[in-house]
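Reader: I would like to know on what grounds the labels in a structure description are given. Please take me through them one at a time.

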Amino acid sequence: MNYTWKYATPADSEDIMNLNLLVKFEVDTIFNFNPNVLSHHIVSALVNQFYTGKTDFVAVARDDNNKLLAYTWVKTGEHSMWSTEEVASVRMAHVDPNLSVRLRVNLIDEMMELWERFCQIHSIPILHSNTLRKEQQVFLKMHQRRGFIVRGSAAYKKVNLLYMPTRLFDNPTQATPAD
């Protein structure tokens with residue numbers, strides 16, 4: 001299946017919300033899932049991404065028919081209690097649960113690459129990801145294979161800031177928000 005990763009725009013928000021509804025079973029046993037609250041946070045992140053280009057990173061993967069396959073959202077500007085180093089935290093990493101396992105794994109692996117490139121481009125030294133998925137072993141093992149240190153359901157990575165990617169996406173053309 002052919003698909004392309006790109007920066008999400010407000011036009012993607014409805015499809016992003018529909019994808020969240022497909023995976024809400026992962027959170028609704030813990031939280032009172034409120035689509036209006038989630039929609040507000042997603043649209044705010046999209047606006048921040050457009051105007052700043054750094055505080056939020058939201059990307060979508062769409063197939064050749066423009067169907068949303070996956071999306072990811074990273075929030076920056078966070079810090080740990082132990083250091084002054086900036087931390088980028090992954091807020092969302094969702095894939096359509098109806099896709100094949102192989103495609104879902106590939107999409108998540110590509111998300112992890114995007115997270116790291118985003119951190120490198122913006123000189124963010126620490127990348128943090130966590131999960132509240134019921135089945136977390138494969139997800140966390142994928143993190144370990146990419147060099148994350150896993151602690152419980154959280155994963156941390158010291159980003160190699162000596163490497164500077166020339167672009168975020170592997171697509172032939174890309175526009176950068178806030179440019």
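Author: This is a predicted model. One place to start is Asn66, which sits in the loop between S2 and S3.

Reader: What makes the phi of Asn66 worth a remark?

Author: Phi of Asn66 is near 70°, a positive value in a residue other than glycine. Most residues other than glycine have a negative phi. S2 and S3 form a hairpin with 4 residues between them, and Asn66 is in the turn.

Reader: Why is Ser123 called partly exposed?

Author: Buried means under 20% relative accessible area and exposed means over 50%. Ser123 has a relative accessibility of 47%, so it counts as partly exposed. Thr9, in the loop between S1 and helix H1 (13–22), is judged in the same way: its relative accessible area is 33%, so Thr9 is partly exposed too.

Reader: How do you know that S2 is largely enclosed?

Author: 8 of the 8 residues of S2 are buried, so the strand is largely enclosed by the rest of the structure. Both faces are covered.

Reader: What makes S2 a paired strand, and which strands does S2 pair with?

Author: Two strands pair if DSSP finds at least two bridges between them. S1 and S2 are joined by 5 bridges and run antiparallel. S2 and S3 are joined by 7 bridges and also run antiparallel. Both pairs therefore meet the cut-off.

Reader: What makes a group of residues a nonpolar core, and how many residues has the largest one here?

Author: The members must be buried residues of the nonpolar kinds, joined through side-chain atoms within 4.5 Å. The largest such core has 32 residues. Those with the most contacts inside this core are Trp5, Phe57, Leu107, Trp115, Leu127 and Phe169.

Reader: Which elements supply this core?

Author: At least two residues each come from strand S1 (3–7), strand S2 (56–63), strand S3 (68–79), strand S4 (86–95), helix H3 (101–121) and helix H4 (137–145). H3 gives the most, with 9 residues. A second, separate core has 14 residues, including Met17, Leu38, Val58 and Tyr71.

Reader: What does Phe57 touch?

Author: Leaving out residues up to four places away in sequence, Phe57 touches Tyr7, Gln49, Thr72, Trp73, Val74, Leu114, Phe118, Leu168 and Phe169.

Reader: How do you know that the buried residues of H4 line one face?

Author: The buried residues of H4 are Phe139, Leu140, Met142 and His143. Seen down the axis of H4, they fall within an arc of 150°, so they line one face of the helix. An α-helix has 3.6 residues a turn, so residues three or four places apart point the same way. On the other side of H4, Gln137, Val138 and Arg145 are exposed.

Reader: What covers the buried face of H4, and what comes just after the helix?

Author: The cover includes H3, strand S5 (126–130), strand S6 (149–151) and strand S7 (154–158). Just after H4, Gly147 takes a positive phi of about 90°.

Reader: Why is the protein chain called as compact as a globular protein of its length?

Author: Its 4 helices and 7 strands run β-α-α-β-β-β-α-β-α-β-β from the N terminus on. The radius of gyration of the protein chain is 16 Å, close to the 16 Å that the globule rule gives for 179 residues, so the label holds. Along its principal axes the C-alpha trace spans about 40 × 35 × 30 Å.

Reader: What share of the residues is buried, and what share of the contacts joins residues at least 24 apart?

Author: Of the 179 residues, 44% count as buried. Among contacts between residues at least 6 apart in sequence, 64% join residues at least 24 apart. The protein chain exposes about 10100 Å², and carbon and sulfur atoms supply 54% of that area.

Note on methods. Residues numbered from 1 in each chain as written. Predicted model: local features only at pLDDT ≥ 70, side-chain atom pairs only at ≥ 80, totals over all residues. Heavy atoms only, no water. Buried < 20%, exposed > 50% of the residue type's maximum accessible area, 1.4 Å probe, protein only. Contact = heavy atoms within 4.5 Å. Arc of directions from axis to C-beta. Rg over C-alpha atoms; globule rule 2.2 N^0.38 Å. Areas by Shrake-Rupley, 256 points an atom, 1.4 Å probe, with all protein chains shown as cover.
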